[in-house]
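Subject: A structure for you to look at

Hi there,

I am handing over the structure we talked about, and I hope you enjoy exploring it. Please open it first and have a look around before you read on.

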Amino acid sequence: MNQNELKALVGKEAVKHVQDGMTLGIGTGSTVRYMIDALGQRVAKEGLKIVGVATSDRSAQQAESLGIQIKQLDDVDHLDLTIDGADEIDSNFQGIKGGGAAHLWEKIVAINSRKNMWIVDESKMVEHLGKFPLPLEVIPFGSTHVLQKLDKMGLHPAFRLTPDGHHVLTDSKNYIIDLHLGRIDHPQQLAQTLNGIVGIVEHGLFLNIVNTVIVGHQDGPEVLHARD
Ligand code: 5RP
């Protein structure tokens, strides 16, 4: 199986955990696209009744096109389960997200969800976080000064740009700065530091958030339980 087939495998596996009547957080990314397709099939074939809350405009559009009802987070009183992808997951089930520039909405949805499930192909499982650049969502106003501050702190920041050199914009119309760290030895400490910098709306460290991880391997999906 290639990487896309592994992503499809975990997407299909994840929707087996979705039950009738659930309010479901729907993540963002290429793995989640497969999950939304599989969810759409269950809605069409089984008449599964769920309400989805999407973590990006693109996930909302895909879900609605498949007949999945989407509501805004502020219009639901709780979320039963959120299914999302991840860029890296370490041996302590801490994660990096935001490769798709959606980590702000993803984190808001995740912390308001009773359970969180991440779906990844096996390449995302790492010993230490940080090889994948850590995304920060930043307010455009004054963002060059935020970048310079991060640079002086030795955090190797770079604005995320489109191929034609424009800032990548999030769904909240903010910019993304990626930190090219190589290895993050103290994720909690780094998270605290980043939380204290004015202009950074949210970082992509997802610490102590996930309950269940479904990993796609060549010989099938593996379900790992992180915490309850
Ligand atoms: C988007 C995310 C994604 O979940 C993450 O980037 C994984 O994406 P993919 O499934 O395409 O590898 O955090 O902001």
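This is a predicted model: local features need pLDDT of at least 70, side-chain atom pairs count only at pLDDT 80 or more; totals for chains, interfaces and linings use all residues.

The domain assignment divides the protein chain into domain 1 (3-126 + 207-218) and domain 2 (134-202). Taken over C-alpha atoms, the centres of domain 1 and domain 2 are 24 Å apart. Where the two touch, 15 residues of domain 1 and 16 residues of domain 2 take part in the contact.

How much area is buried between domain 1 and domain 2? The value is about 1200 Å², and carbon and sulfur atoms give 60% of it. On the side of domain 1, look for Ala101, His103 and Leu104: together they supply 41% of the area that domain 1 buries against domain 2, more than any other three residues.

The interface has polar features too. Seven residue pairs are in polar contact across it, counting residues at pLDDT 80 or more. There is also one salt bridge between domain 1 and domain 2. If you zoom in on Lys107 and Glu202, you will find their side chains joined in a salt bridge, with 2.9 Å from N to O.

Now for the cavity. The structure has one cavity of 30 Å³ or more, and the space in the largest cavity comes to about 50 Å³. Where does the largest cavity lie? It lies between domain 1 and domain 2, because both give residues to its lining. Those lining residues include Ala101, Leu104, Trp105, Glu137 and Asp171. By type, the lining has four nonpolar, four polar and two charged residues.

Happy exploring, and do write back with any questions!

Best wishes

Notes
Residues are numbered from 1 along each chain as its sequence is written. Side-chain values use heavy atoms; hydrogens and water are left out. On a 1 Å grid over the protein atoms alone, a cavity is a set of points where a 1.4 Å probe fits but cannot get out, and a pocket is an open set with protein on both sides within 12 Å along at least five of seven lines; lining residues have an atom within 4 Å of a point. Grid points are joined across faces, edges and corners, and a volume is the space filled by probe spheres set on the points. Ala, Val, Leu, Ile, Met, Phe, Trp, Tyr, Cys and Pro count as nonpolar, Asp, Glu, Lys and Arg as charged, and the others, Gly among them, as polar. Domain bounds come from an automatic or database domain assignment. Contact means heavy atoms within 4.5 Å. Buried area is the accessible area (1.4 Å probe) that two parts lose on being put together, summed over both. A salt bridge is a side-chain nitrogen of Lys or Arg within 4 Å of a carboxyl oxygen of Asp or Glu. A polar contact is a pair of N or O atoms within 3.5 Å; within protein, one must be able to donate a hydrogen and the other to accept it, and residues adjacent in sequence count only if both atoms are side-chain atoms.
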